Amino acid sequence: MIEIRNVSKWYGQFQVLTDCSTKIEKGEVVVVCGPSGSGKSTLIKCVNGLESFQQGEVIVNGISVGDAKTNLPKLRAHVGMVFQHFELFPHLTITENLEIGQVKVLGRSRDEARERGLKLLDRVGLRSQADKYPGQLSGGQQQRVAIARALAMDPICMLFDEPTSALDPEMINEVLDVMVELATEGMTMMVVTHEMGFARKVAHRVIFMDQGRIIEDAAKEDFFGTPRSERAQLFLSKILGH
Amino acid sequence: MNWDWQVFCKNTLDGEIMPRCFGSGGEITYLDWLLSAWGWTLSVSLLALLVALLFGSLMGILRTTPHRGLVFLGTAWTELFRNIPLLVQIFLWYHVLPALVPPLRGVPSFLLVVMGLGLFTSARISEQVRAGIQSLPRGQRMAGLALGFTLPQTYRYVLLPVAFRIIIPPLTSESMNIIKNSSVAFAVSISELTMFALQAQEETARGIEIYLAVTALYFISAFALNRLLHAIEVRVQIPGVIGGSR
């Protein structure tokens, strides 16, 4: 579904990604973790072309993201993305947030889009908030709406960029619950997160990054058993220490 | 001192006081002239505002795109029009451009002033639009693009609706400035309020009354625009955003 081949990226002289390669099969849930500044967010944004890269190739559903001839909007329409800071559109109601992409990008009718949106709101438990504005919702609620907004586009895979990092601790679980449900239904997911509980529960593989490199790319059992790299062991000991 | 507000009821031809203060049959009073001058001031201002909003928004938007050429175009435009004094720009439009571009010779000076004032102000609006867009979180643009919007769609549906709300206060000041700056039009013989004041006080020797009346009309015009834009600002506030819940 997603194939990342020898991707390297520089900001000026500074190299943020070095020769990253991995592959995510259909239905697979892959967690990407690593210390801040390790390039995880940059890597996931390369998958739908929000970040450009100078070397290598990213193939999503058979289409090369880096190719200048690729119709990126068309590709992105079917790759759902959830951001750290939710990024709902503040001037639109929750319902309008769910509708706008379906109507303007997929060409669905307003009624059709509304119905699909409300169905997904139900699913994330926020039907009662349909007519509110994002600023009137809690962080956890906003993030669930953001997930619903991505799902409304009928994505072939979902990218999560630290979806719980900006949340109060008590709201993290309501978002993780939605993600776990999604994972168990067989959605293809690439998730940048430090939530190791989530990784343990539903991930098939864990990728560990440091300084722009993929240090470890292992099945979940291997990663939480004994990571091969010292750096990953150190990282795990630090975040699992409490 | 002695006030003589009847000066406005005088016929502009012979100085006779007209019974109803308004002229008739082709004769006009100073009041008629004052109101017509107010009309010119408002026409110049509002049309220039339209030009300024159009070009200012476009140039401001260009400066926030990822395309270097477009950024350069927007920046060059802004710097060109904000580094030359307004009065000089008006003279350039009136004296220099028609000499260099012959087709412009037939264009009424009214339109030249509208373009001059409009483009001068567009540079300032371009700055505000750019600042408004750049004040939005970077993730908003990404969220729009990630949803499958093209760049123009991202601007249209995601960035601009919020950016324009943010910059209503500075845009209000700019709109009021345009009314005040329209007084430079007298320099190219547009019969607006300032021109009226200069000529009428010379003819009637009642400079104080004339200038006070003109001052009041400038104030009323700018203040009315201020209230109108404030009402819009309140109306489009986003619920749940700081300062937005009422």
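**Chain A, overall**

I counted the secondary structure of chain A first: nine helices and ten strands. Helices (H or I, at least four residues) and strands (E, at least two) are DSSP runs, numbered from the N terminus. The model is predicted, so I noted the limits: local features need pLDDT of at least 70, side-chain atom pairs count only at pLDDT 80 or more, totals for chains, interfaces and linings use all residues, and side-chain values use heavy atoms, with hydrogens and water left out. Residues are numbered from 1 along each chain as its sequence is written, while chains are lettered from A and ligands numbered from 1 in the order in which they are written.

I looked up the confidence next. pLDDT is the predictor's confidence in each residue, from 0 to 100. Chain A has a mean of 93, with 99% of its residues at 70 or more. Within chain A, helix α9 (residues 230-239) has the lowest confidence, a mean of 84, and helix α3 (residues 94-104) the highest, at 97.

For overall form I took the radius of gyration, computed over C-alpha atoms; the globule rule is 2.2 Å times the number of residues to the power 0.38. Chain A has 18 Å, which agrees with the value near 18 Å for a compact globule of 242 residues. Along the principal axes, the C-alpha atoms of chain A fill a box of roughly 50 × 45 × 30 Å.

I then checked burial (buried is under 20% relative accessible area, exposed over 50%, partly exposed in between; 1.4 Å probe, protein chains only). Of the 242 residues of chain A, 58% are buried. For contacts (heavy atoms within 4.5 Å), I considered pairs in chain A with a separation of 6 or more: residues 24 or more positions apart account for 66% of them.

**A:Glu51**

I found A:Glu51 in the loop between α1 (40-47) and β4 (55-60) of chain A. A:Glu51 counts as buried because its relative accessibility is 11%. Neighbours within four places in sequence aside, its contacts in chain A are A:Lys9, A:Tyr11, A:Thr42, A:Lys45 and A:Cys46, and those in chain B are B:Arg138 and B:Met142.

**Helix α5 of chain B**

I followed B:Met142 into helix α5 of chain B, where B:Met142 is one of the buried residues. This helix (residues 138-146) is mostly covered, with seven of its nine residues buried. The cover over the buried residues of α5(B) includes α1, α2 (72-76), β6 (79-82) and α5 (139-151) of chain A, along with α6 (151-166) of chain B. After α5(B) comes B:Gly148, with a positive phi near 105°.

I noted A:Asp19, a residue other than glycine with a positive phi, near 50°. A:Asp19 sits in strand β2 (residues 14-24) of chain A. At a relative accessible area of 46%, A:Asp19 is partly exposed.

I noted A:Gln211 as well, where phi is also positive and near 50°. A:Gln211 belongs to the loop between β9 (205-210) and β10 (213-219) of chain A. With 64% relative accessible area, A:Gln211 is exposed.

**A:Gly62**

I located A:Gly62 in the loop between β4 and β5 (63-64) of chain A. A:Gly62 counts as exposed, at 68% relative accessibility.
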